[in-house]
Amino acid sequence: MSDDPPPAPPEELDEVPAVVLADDAARGTAIPTGPLLDVHAPTTGEHLLCVEDTTPELLCVVVDATAASSRADWAWLSAEDRARYLFTIADVLADHLRPLAVTAALTTGRPVAAGSALDGPAARAAAFSAAGWADKLGAVGAAHRPGGGVVALLTTWRTSTADALTAIVAALATGCGVVLRARPAAAAGAAQLVRLVEDAGLPPGLVRVAPGADAAADARLWDHEELVAVRADGSPDDLRGVGVALARAGTPLRQRVDAPHVDVVLPAADLEAVARSLVAAAAGGAHERPGGSRVVVARPVADALVARVAPVVAQLRTGHPLDRATAVGPLPTPHLARAAREVLDGATALPAGLPERGWWTPPGVVTVGRHSAWPPPGPVLGVRTVRTAADALPHLEGAGSVTVWGGELGAEAPAPPDPRQDALDLLRACRG
């Protein structure tokens, strides 16, 4: 099979909006539109589409219109009726999986094979699970909001379809509407989610998109009187700023910080099982572990583990994300690609034929010294050796989740993200 990336078929490109605008139904002729922001294709680094940077004035109009829709068309329904509508989202999702996977491939570099095989089932399970809470709010310490309101969902390239649907469906379950405050690279995917909700028969305008990255518009959103809660992804610095802004109004923030995942491999570990998991982590790269992937391994088994993992990771197929044989596509941002290439051995090369201006890095395994920095998020595993389980504990600081193989650490380690718990947290945040 040739390593040359196939061109994106025209019909697949047509599934991604050429220009993503703030909600047209909420726009008035006197409301100024924002500048168009360029979104570049990770595969080539070239222009892919434009996204409107929603102005503060227009963002307020979108929030007001969403709140009005929630009060007039949604919040007064019975819990059972809302549940029936929300289960329909999971039912019609099958028709949207391909457009969602293609959009993610073209805008973030997520391989379409992973988008179909992994993201699709996860999204359906998330939507179905969150819908089930609509008529059980009292039992989980949440409450229906008969007056409606708006939940803002801050989405980035990091936000998976499953996470976005969990938040959308959970917010709708309480009687609120949803405004997707999508950063430019996430705007096309957000537009696809609005189409999904409308195809499920929910009232038009109940879920709307207000794309962009204007700080003044963000500030107006965080201060808006209709805002009930916020769900956000991002870096610690970004989310710290959002948290400070929301604290002034007392608005709840449910967040997913880009913290690293750490695998701790102890001498009794099943190295075959560990190797399979680490190869999958390298293939998932920044999309599945946006905080990076770190491996802390006991010295007696370190060489054996690296010998199993490194050659398999190196053979992962790197190619165009629309090629179903591709395991590793381009990285979502150019700076991540540059940083990942810098930590790899210079002898590690990309397959011939990949676009030179794309945001590519080969997959690999890097041995990290005691005082060296961990590799950035991407298809690169950082491996650091320790003598004992106790020596692994300092390396867990700041971790978002930890998997321990072959023993116990003697300390509580953070668990991987749980979409069901995320939904419950957001439901409870919407109590008011």
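Colleague: In what sense do S11 and strand S12 pair, and over how many bridges?
Modeller: S11 and strand S12 (residues 380-386) pair in the parallel sense over four bridges, where strands are DSSP runs of E with at least two residues, numbered from the N terminus, and two strands pair if DSSP finds at least two bridges between them. This is a predicted model, in which local features need pLDDT of at least 70 and side-chain atom pairs count only at pLDDT 80 or more, while totals for chains, interfaces and linings use all residues. Residues are numbered from 1 along each chain as its sequence is written, and side-chain values use heavy atoms, with hydrogens and water left out.

Colleague: Which residue stands opposite Gly-382 in S12?
Modeller: That is Val-366.

Colleague: And what order do the five strands of the open sheet follow?
Modeller: The order is S11-S12-S10-S9-S13, with parallel pairing. Strand S11 (364-367) and strand S13 (401-405) each have a single partner strand, so one side of each lacks a neighbour in the sheet.

Colleague: Switching to cysteines, how many disulfides are there?
Modeller: The count is zero, taking a disulfide as a pair of cysteine sulfur atoms within 2.5 Å. The sulfur of Cys-60 lies 18 Å from the closest cysteine sulfur, in Cys-176, which is too far for a bond. Cys-430 is in no disulfide either, its nearest cysteine sulfur, that of Cys-176, being 4.7 Å away.

Colleague: Is Cys-430 buried or exposed?
Modeller: Cys-430 is buried, at 0% relative accessibility; buried means under 20% relative accessible area, exposed over 50%, and partly exposed in between, using a 1.4 Å probe and protein chains only.
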